[in-house]
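Subject: A structure for you to look through

Dear colleague,

I am passing on a structure that I would like you to open beside this message.

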Amino acid sequence: MRVKALLTLGVFIGVSAASAHEPPGVVNFAFAFPTNAIPTMDGDLSDWDMVPEAYWITREDHLEETVIGNDTELRLDDFNARHVIAWNEQTNRMYTFADVVDDYLKRDKEDPSGVDWDDGYDFIVDADHSGGDLWNSDWHAEEHDDQIDLVFVNGQNYRMYTPPLDGYHIFMLGRGFVGNDNFLTDGRTISMPQYLEFGWSVEGENYGPNTRTYELMFTPWENMYRGEDGEARSTIVDLEVGRIIHAGMEYKDFDVPVEDERYSAAYDWPPTHDIWRIAQVLGDFELLDVDTDLFPSAVESDTWGRIKSDFLIE
C-alpha cells in the first residue's frame with residue numbers, strides 16, 4: 001500500500017463576531033493567491049506547495065465520522081485527507097483542493113448519473129455567509145419547478161466522483177438530489193468554465209488502496225438559481241480581504257459494508273452531518289491578503305496591472 005504523508009496541522013483559532021457557524025468561536029483562513037500564481041485545476045497539487053500548514057483542514061485534526069459511529073479509534077491508514085481553501089481578488093474566484101489516501105476505493109455504481117452509492121467528496125459553500133437552509137424536506141411538497149427558488153440557492157454543494165464512469169464525475173446537488181439541473185454541469189461536462197473548473201487524479205485500482213486528488217475553482221455565488229433563466233438571475237459575491245465565507249467538506253467512504261447502512265463511514269468537517277443542508281453549521285473562513293513573504297513579486301505585479309488598467313481606461 002502506498003501511503004502519502006500528511007503532516008499534523010497547527011490549529012488556528014480566532015474569535016469572530018460573525019453569524020452562527022461550527023465550531024463556535026473558531027475562524028479558519030482562506031489563502032490568497034496572487035494572479036500570477038493561481039493554481040491550474042488539473043489534479044496536480046504542486047501549485048499549492050507554498051501554502052503553510054496553518055491553512056490545512058485535515059482528517060487527523062478536524063474531520064470526524066458523524067453517521068455510523070465507528071470513529072472510536074483514529075485510523076489514518078483507513079482514510080486520511082487534507083484540504084486548503086484559497087481565493088484571488090482579481091479573478092473574484094475561489095479555489096480548493098482535497099488530497100485523499102484511502103485503503104479501499106469503491107467506484108462501481110450501476111447508474112453513474114446518480115449522486116450516491118460510491119466513494120465521493122462533497123465541497124459545500126455559502127459564499128455570502130448568509131446561512132439558512134440549502135435543502136429542506138418540506139420543500140418536496142412544492143411543485144418541482146417551484147423548488148428552483150429554494151434548493152441550494154444561497155449555497156452550493158459540489159459532489160465529485162473519480163475516476164469518471166461513463167463520463168460522470170462532477171455534480172451539483174439540486175432538486176430531487178439530481179446533480180444536473182443547473183447551468184454549470186450535466187455531471188459529465190462543465191458548460192461554463194468561467195464559473196467552474198475541476199481537476200482530479202487517482203492512483204490505485206478499484207477495490208484496493210488508492211490516493212485521490214480533487215481540485216476545484218468555483219464562483220462565490222450570492223444566490224444561484226436553476227431553470228432556463230438561472231444564470232441571468234444569479235448574483236455573485238464581491239470578494240475582498242477580511243470577508244468571511246461558510247464552507248465545509250464531506251466524504252462517503254465505502255469499505256466493508258455495515259449492516260443496514262449504505263456506506264462504512266461519513267467523514268465531515270465541521271463534524272456534523274447536516275453541513276450539506278444547513279449553511280449556518282458550516283465553518284468560517286476569513287479571506288486573508290497575499291503573503292508577500294511567499295510571493296515577493298506579487299505587490300509589484302499587482303501595481304503594474306493597476307497602472308495598465310488605469311491607462312487603458314483613460
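This is a predicted model: local features need pLDDT of at least 70, side-chain atom pairs count only at pLDDT 80 or more; totals for chains, interfaces and linings use all residues.

In soluble globular proteins, nonpolar side chains tend to be buried together. The largest nonpolar core here has 41 residues, and those touching the most other members are M94, F123, Y158, M160, L184, L216 and Y251. Apart from this core lies another one, of 18 residues, which includes V27, F29, F33 and A298. If you select Y251 and leave aside its neighbours within four places in sequence, you will find that its contacts include L63, F79, A81, H83, Y121 and Y267.

**Aromatic pairs around Y121**

A pair of aromatic rings is described by the distance of the centres and the angle of the planes. The count for this model comes to 21 aromatic pairs. One of them is formed by Y121 and Y214, whose ring centres are 5.1 Å apart and whose planes meet at 45°, so the pair is tilted. Because Y121 lies in strand β6 (residues 120–126) and Y214 in strand β10 (residues 210–218), this pair ties together parts that are 93 residues apart in sequence. Y121 is buried, with a relative accessible area of 1%, and Y214 also counts as buried, at 1% relative accessibility.

Y121 also forms an aromatic pair with Y251, and this pair is stacked, with 4.9 Å from centre to centre and 25° between the planes. Here too distant parts of the chain are linked, since Y121 sits in strand β6 and Y251 in strand β13 (residues 244–253), 130 residues apart. Elsewhere, ring pairs link F31, F33, W48, Y55, F97 and F295 into a cluster.

**Empty spaces**

Rolling a probe the size of a water molecule over the atoms shows where empty space is left. The count comes to one cavity of 30 Å³ or more, and the largest cavity has a volume of about 40 Å³. By class, the lining of the largest cavity has three nonpolar, one polar and five charged residues.

The second largest pocket holds about 220 Å³ of space. It is lined by 15 residues, of which N70, E73, R75, D78 and Y267 lie nearest its centre, and the lining has four nonpolar, three polar and eight charged residues.

**The backbone**

Most residues other than glycine have a negative phi, and most peptide bonds are trans. Which peptide bonds are cis, and where do they lie? A cis bond joins T162 and P163, with omega about 0°, and P163 is found in strand β7. The bond from W269 to P270 is also cis, with omega near -10°, and P270 is placed in the loop between β14 (265–269) and β15 (283–287).

N92 has a positive phi near 55° and lies in the loop between β4 (79–88) and β5 (93–102). F152 likewise has a positive phi, of about 50°, and its place is in the loop between β6 and β7. N92 is buried, with a relative accessible area of 14%, and F152 counts as buried at 1%.

With best wishes

Definitions and conventions. Residues are numbered from 1 along each chain as its sequence is written. Side-chain values use heavy atoms; hydrogens and water are left out. On a 1 Å grid over the protein atoms alone, a cavity is a set of points where a 1.4 Å probe fits but cannot get out, and a pocket is an open set with protein on both sides within 12 Å along at least five of seven lines; lining residues have an atom within 4 Å of a point. Grid points are joined across faces, edges and corners, and a volume is the space filled by probe spheres set on the points. Ala, Val, Leu, Ile, Met, Phe, Trp, Tyr, Cys and Pro count as nonpolar, Asp, Glu, Lys and Arg as charged, and the others, Gly among them, as polar. A nonpolar core is a set of buried Ala, Val, Leu, Ile, Met, Phe, Trp, Tyr and Cys residues joined through side-chain atoms within 4.5 Å. Buried means under 20% relative accessible area, exposed over 50%, partly exposed in between (1.4 Å probe, protein chains only). Contact means heavy atoms within 4.5 Å. Rings of Phe, Tyr and Trp (its six-membered ring) pair if their centres lie within 6.5 Å; planes under 30 degrees apart count as stacked, over 60 as edge-to-face and the rest as tilted. Helices (H or I, at least four residues) and strands (E, at least two) are DSSP runs, numbered from the N terminus.
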